[in-house]
Every structure is written in structure tokens, then in C-alpha cells.
Amino acid sequence: MEKSHRPEDEKLLRLSFEVAKRARESGDHPFGSVLADADGNVLMEQGNGYTSEGGDRTAHAERILASRAAKKYDVAFLQGCTLYTSAEPCAMCSGAIYWAGIGRVVFGQTEKALKEQTGDHEENPTLDLPCHIVFEAGQRATEIVGPMLEVEAAKLQDDFWNARKE
């Protein structure tokens with residue numbers, strides 16, 4: 001289900017970009033996520049964990065954040081929350097978001113654009129499957145807003161993947 005954006009969406013999406021920048025600065029892939037409650041209060045942040053989690057290819061920011069949120073909050077509460085993420089959640093992350101019960105997702109760059117930008121990198125074999133396909137297969141509605149601030153989101157990836165090949 002796609003809806004229009006809320007006043008706080010740009011600010012909180014940009015906060016996920018800052019989390020992605022911090023992840024990159026600490027040696028991880030440049031992806032970040034933020035979870036906010038129904039009033040826009042930030043509950044948790046999560047950067048990508050590929051390097052910090054010992055090369056775990058499943059340590060995407062959204063997946064880790066969804067798991068943390070599912071342990072801390074019940075589904076009824078998470079249905080009113082929004083996960084802001086620098087790039088569209090992949091199929092794995094979309095599944096984790098769905099199973100956690102998070103009711104809304106706002107993302108920057110699309111998976112398709114990310115795939116075009118990163119190329120065929122062994123650390124990021126982008127799964128170009130739009131998140132709405134995963135969410136629409138579920139029994140619980142997940143609202144999607146995105147792509148949003150796509151040019152800013154794409155800048156997070158600039159030169160990162162080419163430098164990783166060297």
C-alpha cells in the first residue's frame with residue numbers, strides 16, 4: 001500500500017542517511033535505518049553490519065533493526081511505527097520488516113537504481129525485487145513511501161563499491 005509522505009519524513013529519512021554515512025566511516029557498507037514511533041520520535045538507529053558483524057552478508061541495516069524492534073516492542077505498537085531507510089529494503093529485509101510487524105516504510109534509493117549504481121559487486125549482489133511485491137504478499141498491510149530524496153540517497157554509494165573492488 002503506497003501513501004503520501006508526512007511532514008517529518010524528509011528529516012527522518014535524512015537521519016537514516018547520516019546513519020549510513022557513519023556506517024561507511026566505520027568500514028561498513030553505506031546503508032542506514034531509523035525506527036520512529038507514530039509521533040515521529042526516534043526509537044532506534046542501525047547501520048549496515050557487514051564488516052562489524054564479521055562479514056555477515058545478512059547484516060543489512062533494515063534486517064538488524066527489524067530484529068531488534070521485534071524483540072523490544074509488540075506488533076500492535078510496531079504497526080504504528082515507520083522504518084526509514086537509505087535504500088529500498090531488499091526481499092530479505094522486507095520479509096524481516098513484515099515479520100517484525102513494522103507498519104510503514106520510507107526509503108530513499110530504489111533497489112533498481114542501487115543495482116545500476118553498484119554493478120555486480122560480490123559484497124552487494126543486489127536483489128532487484130521491489131519491496132511492494134513482498135509486502136503485498138503478506139496478510140498485514142505495510143505502507144510504503146518511496147523513492148524519496150533519491151539523489152541524496154544515491155550519493156551515499158558514490159565511489160564506495162569501486163573502491164571495494166581495488
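Analyst: A charge sits over a ring if NZ of Lys or CZ of Arg is within 6 Å of the ring centre and within 35 degrees of the ring normal. In this predicted model, the charged end of Arg140 sits over the ring of Tyr98, 4.7 Å from its centre.

User: How many aromatic pairs does a search of the whole structure find?
Analyst: The search finds 2 aromatic pairs. In one of them, the ring centres of Tyr98 and Trp99 are 5.6 Å apart and the planes stand at 80°, so this pair is edge-to-face.

User: Is Tyr98 buried or exposed? And what about Trp99?
Analyst: Tyr98 counts as buried, at 13% relative accessibility, whereas Trp99 is exposed, with a relative accessible area of 69%.

User: Switching to salt bridges, how many does the structure hold?
Analyst: There are 7 salt bridges in the structure. Among them, Asp9 pairs with Arg104, the closest N and O atoms being 2.7 Å apart. Asp9 lies in helix α1 and Arg104 in strand β4, so the pair ties together parts that are 95 residues apart in sequence.

User: Are those two buried or exposed?
Analyst: Asp9 is buried, with a relative accessible area of 0%, and Arg104 counts as buried at 2%.

User: Which helices do Arg14 and Glu152 lie in?
Analyst: Arg14 lies in helix α1 and Glu152 in helix α7, so their pair ties together parts that are 138 residues apart in sequence. Their side chains meet in a salt bridge of 2.6 Å, N to O, with Arg14 partly exposed at 33% and Glu152 partly exposed at 31%.

How values were computed. Residues numbered from 1 in each chain as written. Predicted model: local features only at pLDDT ≥ 70, side-chain atom pairs only at ≥ 80, totals over all residues. Heavy atoms only, no water. Phe/Tyr/Trp six-rings, centres within 6.5 Å; stacked < 30°, edge-to-face > 60°. Buried < 20%, exposed > 50% of the residue type's maximum accessible area, 1.4 Å probe, protein only. Salt bridge = Lys/Arg side-chain N within 4 Å of Asp/Glu carboxyl O. Helix = DSSP H or I, 4+ residues; strand = E, 2+ residues; numbered from the N terminus.
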